[in-house]
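Hi,

Here is the structure I promised to pass on to you.

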Amino acid sequence: EVEILWSPIIQWILSSGINRIQRALAYTKTLASKTPKVRKLSSHKTNIRIEVDSNVTANINIFPGVKSLVHTIIYGGSTMNISTAKYPSPSSTSLKQTTKPNISFHAKRIELLLNNIASSICTFEDISLQNFLRRADENDLNEYTSKKEKSSDVNSDDLATDEDGYPSKEIFELEIGNMTAKFPPILHFGEVIDDFALMPKALAVGLNQLKGGQKKRSKKYQLMTIKCIIPFLDMSLMCHDPDAEHSTPTKQTILREEFRICFEAAELSIERNTPLEWTQSQLNALDEDDSSTYVYGPAIKGGLICLTVQHVFCTLHPLNLATPLVRIDDFAINGYLHLAGLSPVNPGIQEAEEKSFLLLCHHNSSKVICAPSTENHRQCCCYGVSLPSAGIPVKLYTDSRITCGGLDISWGPIMKSCMPRFKESIKKVIPPPKSSSSEVAPEPLSWWDNVRFFVHGSISVSANHLSFCWLLDSHIFRDRSIIFNLQNCVISHTVGFFGVDASDINISIPGTGYDMSVHPSERDMKPSVHLPHSTESAVTRGRHPLIYIPSFKTEIKFVWNMLLPGRFSSDHHYIYKKHETEVNSIENNCATRDKFAPFRSDGTDIEVDLELLGSTVCDNWVALRIDCLPWFTHLNSSMTYTEEDEDKAKPFPEVRSAAIKASTSKLRLATWFADEEDFDSLCLIVKRVNYYATGCGSKEIVIEGPVKAALLDVTEFKHEENVVGDVEENYDVMDMEYAASEFGVTQNENISEVDDHSSQTDSFPREKESTPFLKLQQLSSDIEELDYVVVTGQIDIRNQSLTRMLAGCRDATKAATAHENFERTESQNFAGLDRTTWSILVSRLKLLWTIEIRDSLMAISKDLIYTIGFMKSQKRQLQVLSGDTSSDPDHSGESSRDTAISLAGAGEGVEISLPDPQRTGIAMND
């Protein structure tokens with residue numbers, strides 16, 4: 001066996017010993033001859049090869065800092081080759097320069113153990129590393145010179161060169177066969193990251209002190225290519241399994257995977273062929289703080305990045321690989337990505353402070369040398385280093401594009417219970433916040449402020465297929481969910497802008513009608529007794545296509561409101577700048593001052609421009625099956641609803657004001673209740689709908705004419721829907737997702753093809769060219785002109801009363817008086833209720849009315865009102881289970897309701913409240 005011990009302390013000792021030996025040899029040479037001979041310096045190369053046999057196990061103990069101990073075990077042998085060259089310096093006849101060594105390393109298997117934890121943390125198989133220099137080729141030099149500002153010629157003083165004076169390029173290649181990492185809950189991996197970040201700084205300080213007063217050579221820019229290939233990468237965050245601990249009588253700790261992410265066929269490439277001045281200019285362009293031209297550095301990491309991954313799987317307990325949290329296919333990132341902070345040379349940056357950092361003594365592997373009382377190995381040997389720290393964080397600047405073939409996301413209420421454990425696991429793998437003892441740790445930033453603080457630039461995400469699954473019950477019953485499917489989705493983001501473009505949007509819900517025979521308050525919500533749904537045996541795998549949108553486009557512009565007045569959302573560098581006017585306040589109130597207060601946001605103002613476009617094949621469709629709507633307010637009996645903490649952070653920023661402009665063309669809506677064999681359906685056909693909402697609360701809906709409504713026989717559509725859901729019971733999840741995503745039609749399909757394929761009821765949907773919405777399109781197109789029940793012109797809907805609109809036509813004095821009287825009357829009659837009045841203005845109304853039409857419309861309206869009432873009862877029951885009844889709108893102002901008319905008939909329903917005419921003096925006509 002081979003055992004190696006290393007730490008920064010040993011590196012200091014070795015460097016110090018070598019330095020003293022070299023000085024002694026030089027002094028000895030001066031004593032041997034007073035007139036040394038002048039000899040001509042020559043070039044020579046040195047090659048070193050270290051090989052460990054396959055039957056030898058190598059153990060390496062590394063002490064990077066004061067908190068970490070890394071035990072590396074190499075199995076199956078390893079090989080390392082090191083070559084370097086020395087050549088005469090072109091600027092001196094008596095000095096030599098040494099090239100950067102070329103290193104190649106290969107090992108069969110490597111295991112990493114951290115902090116004396118018995119199980120291995122990381123495992124690498126077939127690891128191969130190569131780091132060498134070669135001459136830069138023509139493409140590398142052309143890319144570099146094309147971005148030079150002053151001249152197109154390569155200046156040898158700017159680029160690092162080889163021994164012959166030609167520009168060189170460094171190649172770093174890392175290839176790992178398989179990599180597995182499991183982080184147990186007792187490991188604080190963030191502290192390990194802190195120690196490894198400190199180690200190169202400590203080495204640099206020690207080596208610079210050994211060099212003494214030697215003059216430093218100016219560092220030249222090194223062209224570089226970084227490549228990394230990992231066929232399979234599996235990382236897991238472990239935690240204690242509370243269920244197993246209660247069920248197992250033994251005291252053995254049982255762990256489970258709280259979070260897991262897997263990468264298949266991952267390849268990373270980073271090109272660094274850009275001049276420093278061009279990189280500085282690009283970082284200033286990506287930084288939204290344009291108040292000054294900043295200098296970034298001294299170290300700027302990253303470059304032109306290209307990352308490709310064939311498959312990505314991400315799970316979060318209780319989800320698994322069968323139903324993952326995120327699944328991505330053909331993932332790729334292309335563009336510029338830099339990690340950099342502001343350089344201390346910028347004017348106005350706070351001065352760096354000397355901070356002391358301890359280093360772990362390398363005697364810790366020996367119990368004889370170290371005192372037994374020092375369990376944490378912190379008092380054995382006093383080694384340390386003082387480093388300047390200005391508190392300037394490293395931030396991400398990017399101008400990149402993310403593409404993926406498929407993106408599937410699963411989420412639901414069942415995931416809320418696992419979030420506290422997931423947050424605790426994340427805290428252990430990220431470095432802890434750094435705060436001095438004289439300073440109170442500030443409150444953490446919200447997640448959106450963190451993104452604003454650390455991420456800058458523009459990014460776009462495109463997916464050929466995007467699917468979002470909202471789990472209603474357990475993840476085991478994934479078909480019991482609401483699924484959103486999009487095709488050709490493009491999401492773009494820049495400072496203050498967010499845009500989404502997509503096509504073929506499908507929203508589907510479970511195809512089984514919801515059981516509304518039992519009131520939500522009477523359902524037994526004991527998960528230990530009942531299945532995830534009380535009518536589990538009646539819920540089939542069939543799905544109902546609810547909404548189809550051929551083309552979708554939205555643009556969102558937003559402006560952040562700051563917590564402190566006079567601050568700007570773009571000034572993210574303000575925190576670590578010097579402010580002369582605040583020196584006294586900082587000194588007097590240093591312990592309570594929130595350094596992030598100038599950057600914290602207090603809500604946002606948004607402007608939304610949304611457009612839903614139809615197509616030549618199929619319009620925008622809403623298939624409103626009434627008996628399926630309660631799935632949107634479904635109560636999950638497999639989880640426990642608890643009262644939410646008032647101090648809990650908000651999941652999203654608060655919208656202070658919203659201006660919305662939305663429009664949809666060629667909209668069709670069909671509604672029916674599929675509880676009986678002969679069910680009535682109403683179809684509404686709209687040419688265009690425009691919606692306007694301003695930040696001051698004004699809202700208006702304009703429905704352009706003609707607006708037509710007719711009774712529609714959707715029996716054929718019901719049959720088409722059953723065909724989509726009637727498949728084999730053992731079909732996999734991919735087939736179910738495909739069925740949900742194929743409810744819509746594509747642009748190249750033809751309506752004339754429906755009749756040829758509508759009879760094919762024995763095949764899976766991917767073989768069918770007819771789809772449910774295409775069938776609805778044909779059925780609604782066959783409606784005769786004389787069959788329309790209602791035909792109107794334009795319809796205007798506003799959140800203003802007719803009195804207020806008419807008052808606007810009079811003179812200013814009378815309008816103000818009328819408005820004041822109207823407001824006083826409303827406040828007296830509707831105290832405690834929402835007094836927003838909506839007015840509906842209709843032009844050219846034509847109505848066709850028969851007894852049959854009346855019965856059909858009354859049946860549809862009765863079913864719809866009852867279903868809405870049932871959904872409201874579900875929401876009330878959810879508030880009761882959560883312990884929150886203060887936000888129930890139906891219980892506010894109960895005493896002011898004088899006359900209540902229940903339209904549902906029994907139990908719950910929609911109630912229309914009318915004021916008492918004898919008390920208010922308002923006449924009510926028959």
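Predicted model: local features only at pLDDT ≥ 70, side-chain atom pairs only at ≥ 80, totals over all residues.

Lys395 lies over the face of Phe453, 3.9 Å from the ring centre. To count as a charge over a ring, NZ of Lys or CZ of Arg has to be within 6 Å of the ring centre and within 35 degrees of the ring normal.

Residues are numbered from 1 along each chain as its sequence is written, and side-chain values use heavy atoms, with hydrogens and water left out.

Now the rings. A pair of aromatic rings is described by the distance of the centres and the angle of the planes. Rings of Phe, Tyr and Trp (for Trp, the six-membered ring) pair if their centres lie within 6.5 Å; planes under 30 degrees apart are called stacked, over 60 edge-to-face, and the rest tilted. The whole structure has 16 aromatic pairs. One of them is Tyr514 with Trp631, an edge-to-face pair at 4.9 Å centre to centre and 85° between the planes. This pair links distant parts of the chain, 117 residues apart: Tyr514 is in the loop between strand 18 (497–510) and strand 19 (543–562), and Trp631 is in the loop between strand 21 and strand 22. (Helices, H or I with at least four residues, and strands, E with at least two, are DSSP runs numbered from the N terminus.)

Leu629 sits in the loop between strand 21 (620–625) and strand 22 (655–672). With a relative accessible area of 10%, Leu629 is buried. Which residues does Leu629 touch, leaving aside its neighbours within four places in sequence? They are Leu624, Leu864, Thr867 and Met871, where contact means heavy atoms within 4.5 Å. Leu629 and Met871 are 242 residues apart along the chain, yet 8.1 Å separates their C-alpha atoms.

On to the surface. Trp447, Val451, Phe454, Val455 and Phe652 make up a nonpolar patch with about 500 Å² of accessible area together. Patches are made of residues with over 30% relative accessible area and no salt bridge; like charges are joined within 9 Å, and nonpolar side chains (Val, Leu, Ile, Met, Phe, Trp, Tyr) within 5 Å. The areas come from the Shrake-Rupley method with a 1.4 Å probe, and for residues only the protein chains shown count as cover. Helix 7 (residues 447–454) gives the most to this patch, with 3 residues. Trp447 lies in helix 7 and is partly exposed, at 47%.

Then the charges. Side chains of opposite charge can pair when their charged atoms come close. A salt bridge here is a side-chain nitrogen of Lys or Arg within 4 Å of a carboxyl oxygen of Asp or Glu, and the count comes to 29. Among them:

- Asp234 and Arg260, with the closest N and O atoms 2.7 Å apart. Asp234 is in strand 9 (residues 223–240) and Arg260 in strand 10 (residues 255–272), so the pair ties together parts 26 residues apart in sequence. Both residues are buried.
- Glu125 and Arg109, at 3.0 Å from N to O. Glu125 is in strand 7 (residues 122–135) and Arg109 in strand 6 (residues 102–114), 16 residues apart. Glu125 is partly exposed at 30%, and Arg109 is partly exposed at 28%.
- Asp571 and Arg567, at 3.2 Å from N to O. Here Asp571 is buried, at 13%, whereas Arg567 is partly exposed, at 24%.

Salt bridges that share partners also join Arg134, Asp137, Asp140, Lys169 and Glu271 into one network.

Last, the overall picture. The chain has 16 helices and 30 strands, and 41% of its 926 residues count as buried.

Cheers

Methods. Buried < 20%, exposed > 50% of the residue type's maximum accessible area, 1.4 Å probe, protein only.
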